[in-house]
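I opened the model to see how its parts are put together. These are my notes, in the order in which I looked things up.

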Amino acid sequence: MKNLVILGAGTAGTMMANKLRRALDRDEWNITIVDQFKTHYYQPGFLFIPFGIYNKEDVIKPKSDFIPSGVNMVYSAIDKVEAEANKVHLEGGKVLNYDYLIIATGTKTYPDETPGLQDKLWYKEIFDFYTVEGAVALRNYFKGWEGGKLVMAITEVPYKCPVAPLEFVFLADAYFTELGIRDKVEISYVTPMSGAFTKPVATKMLSELLEEKNIKVIPDFYIERVDNDAKKLISYDEKEVDFDVLTVVPVNMGDEMIERSGLGDDMNFVPTDKHTLQCNAHENIFVLGDASNIPTSKAGSVAHFAAEILFENLLNAMEGRPMHAKFDGHANCYIETGYGKGALIDFNYDTEPLPGTFPLPGIGPFGLLKNTKINHYGKVMFRWIYWHILLKGKEMPIEPHMTMAGKKKVN
Amino acid sequence: MAEKTYAGKTVEVTDEGYLVNREDWTAEIAAEIATEAGIELSKKHYEVLEFLRKESAAGTSLSIRKVGKSGIVDIKGLYQLFPGGPLKYSSKFAGIPKPASCV
């Protein structure tokens, strides 16, 4: 028997376990998937929790519901990968041998990387919404909040779901408007980038939304530390931003296991061939989802499209054939803008988000770089698709490669 | 897109003044782009630019933190070299694309 081991049973790992169990002969291949946690989180839903649109129960299900029979699920923390020996060492000393390994351990938030973030105001007046705990704590805080300075701040790039903090400020604008206290809430968006939008066409099409919603953008602000007593963000060049409540995207890095295994870069992301998805250092290791360093968004849609490429390449590699499938960095992301509307972007390594229709050229129903009600319904429906189709590795009517059909070139 | 002449060479630049083709870059062009931004490039500046060019050519996504860990200069020092927006200015002088998010 040969062994395929998948590290991480999140979106990426779970999809691969389902696809590969259907494809690989059960008499020939053992499939083992390892994760230390028993709960699967629908992470796109975290964003809605602070505004009372979803609650915790809407975003969690047992991981075991999505692991097919014939796949050995191991609940354990991972000590390290010993790539030279084709072994995975689990916490407690158990060892898994592998012929092929898929690393899908994702990215994590590290608030302790920013001095003063995880201090006395943490989960009291400073929150994140990248964990269910942070999102729920912020929900409880907002229930009693009467207004003041709300600051959404990004500490570092790259981070998971690059549009989420934008969606957060749009939803906050709508939420406090509906509560009737919008005039008492000052919303700021603090980013180390040159603006909330950085791509030329998206900037043209969407940046008016920020003005419309009276959201102040503070660009080029790279946070050095948070002063808990004065309630200020302080940048490396001594600029300051005051807050009453701070929502933050903490520094994102890969799992510590990657560092212990000597497989990562300086942010613990695994250097990976951006087309084949093979680990640069080891032929029999592949990397899927946020754990890799490929230069596209860290997002579930990317993991989904990349999974189809990885599937083809892995099956070919197993049979000694050349890997011909090439990932193009395709991402497809809804941007909630509040009041039951949303925008949609579709892009890859080489093509920035462009206006048009998706997925059917000229028909839609979704509008690219347009703020529409139907785009919002797309996001709402997506939760059902995620649990019932996507995680189970079933076919979706969208090609893994980005297409220019339905997109308009803009100069 | 537009054309500009730096150090006697005509090069294509984006609307924001970033070189379109990284092969066009020379140390002299870097110096003139920096002068436009009011910065005189020192040896230390050039070390940062070489680091960025090397990492960018290898397909790495760049961040201020990554430059801070390069051993060339720490983040405070990077701000002193390129005040206001260290990565966007250093990228511009290094002839590599402007740091961007997905939208």
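This is a predicted model: local features need pLDDT of at least 70, side-chain atom pairs count only at pLDDT 80 or more; totals for chains, interfaces and linings use all residues.

**Entry 1: domains of chain A**

I began with how chain A is divided. The assignment gives domain 1 (2-106 + 255-318), domain 2 (110-252) and domain 3 (331-390). I then looked at domain 2 and domain 3 of chain A, whose centres, taken over C-alpha atoms, are 24 Å apart. Between them, 13 residues of domain 2 of chain A are in contact with 14 residues of domain 3 of chain A.

Which helices of domain 2 face domain 3 in chain A? I found that α3 (164-178) and α4 (200-206) of chain A each supply at least two residues to that side. The most comes from α3(A), with six residues. I sorted the residues on this side of domain 2 of chain A by class and got ten nonpolar, no polar and three charged.

**Entry 2: where the two chains meet**

Next I turned to chain A and chain B. Here 25 residues of chain A are in contact with 19 residues of chain B. On the side of chain A that touches chain B, α4 and β22 (341-347) of chain A each give at least two residues. I sorted that side too: 16 residues are nonpolar, three are polar and six are charged.

**Entry 3: the largest nonpolar core**

I looked up the largest nonpolar core, which has 146 residues. Met16(A), Leu288(A), Ala306(A), Leu310(A) and Ile345(A) touch the most other members. Helix α7 (residues 300-318) of chain A makes the largest share of this core, nine residues.

I followed one of these residues further. What does Ile345(A) touch, leaving out residues up to four places away in sequence? Its contacts include Ala202(A), Cys333(A), Ile335(A) and Pro353(A) in chain A, and also Cys102(B) and Val103(B) in chain B.

**Entry 4: a sheet in chain A**

I traced an open sheet of five parallel strands in chain A, in the order β11-β18-β12-β13-β14. At its edges are β11 (126-127) and β14 (215-218) of chain A; each has a single partner strand, so one side of each has no neighbour in the sheet. Inside the sheet I checked strand β12 (residues 148-154) of chain A and strand β18 (residues 245-249) of chain A, which run parallel and are joined by five bridges. In this pair, Met152(A) stands opposite Thr247(A).

**Entry 5**

In chain B, strand β1 (residues 2-6) and strand β2 (residues 9-13) pair in the antiparallel sense over five bridges. I noted Val13(B) as the bridge partner of Ala2(B). Ala7(B), in the loop between β1 and β2 of chain B, has a positive phi near 50 degrees although it is not a glycine. Is Ala7(B) buried or partly exposed? It counts as partly exposed, because it has 13 C-beta neighbours inside 10 Å.

**Entry 6: one helix of chain B**

I went through helix α1 (residues 27-36) of chain B and found Ile29(B), Ala30(B) and Ile33(B) buried. Seen down the axis of α1(B), these buried residues fall within an arc of 100 degrees, so they line one face of the helix. Ala27(B) and Glu28(B), on the other side of α1(B), are exposed. Among what covers the buried residues of α1(B) are β1, β2, α2 (43-57) and α5 (86-94) of chain B. After α1(B) comes Gly38(B), with a positive phi near 80 degrees.

**Entry 7: backbone angles in chain A**

Most residues other than glycine have a negative phi, and most peptide bonds are trans. I therefore listed the exceptions I came across in chain A.

- The peptide bond between Phe358(A) and Pro359(A) is cis, with omega about -5 degrees, and Pro359(A) is in strand β23 (residues 356-360) of chain A.
- From Gly364(A) to Pro365(A) the bond is also cis, with omega near 10 degrees, and Pro365(A) lies in strand β24 (residues 364-368) of chain A.
- Tyr339(A) is not a glycine but has a positive phi of about 55 degrees; its place is the loop between β21 (331-338) and β22 of chain A.

Definitions and conventions:
Residues are numbered from 1 along each chain as its sequence is written. Chains are lettered from A and ligands numbered from 1 in the order in which they are written. A nonpolar core is a set of buried Ala, Val, Leu, Ile, Met, Phe, Trp, Tyr and Cys residues joined through C-beta atoms within 7 Å. A residue is buried if 20 or more other C-beta atoms lie within 10 Å of its own, exposed if 12 or fewer, and partly exposed in between; C-beta atoms are placed from the backbone. Helices (H or I, at least four residues) and strands (E, at least two) are DSSP runs, numbered from the N terminus. Two residues are in contact if their C-beta atoms, placed from the backbone, lie within 7 Å. Domain bounds come from an automatic or database domain assignment. Ala, Val, Leu, Ile, Met, Phe, Trp, Tyr, Cys and Pro count as nonpolar, Asp, Glu, Lys and Arg as charged, and the others, Gly among them, as polar. Two strands pair if DSSP finds at least two bridges between them. The arc is that of the directions from the helix axis to the C-beta atoms.
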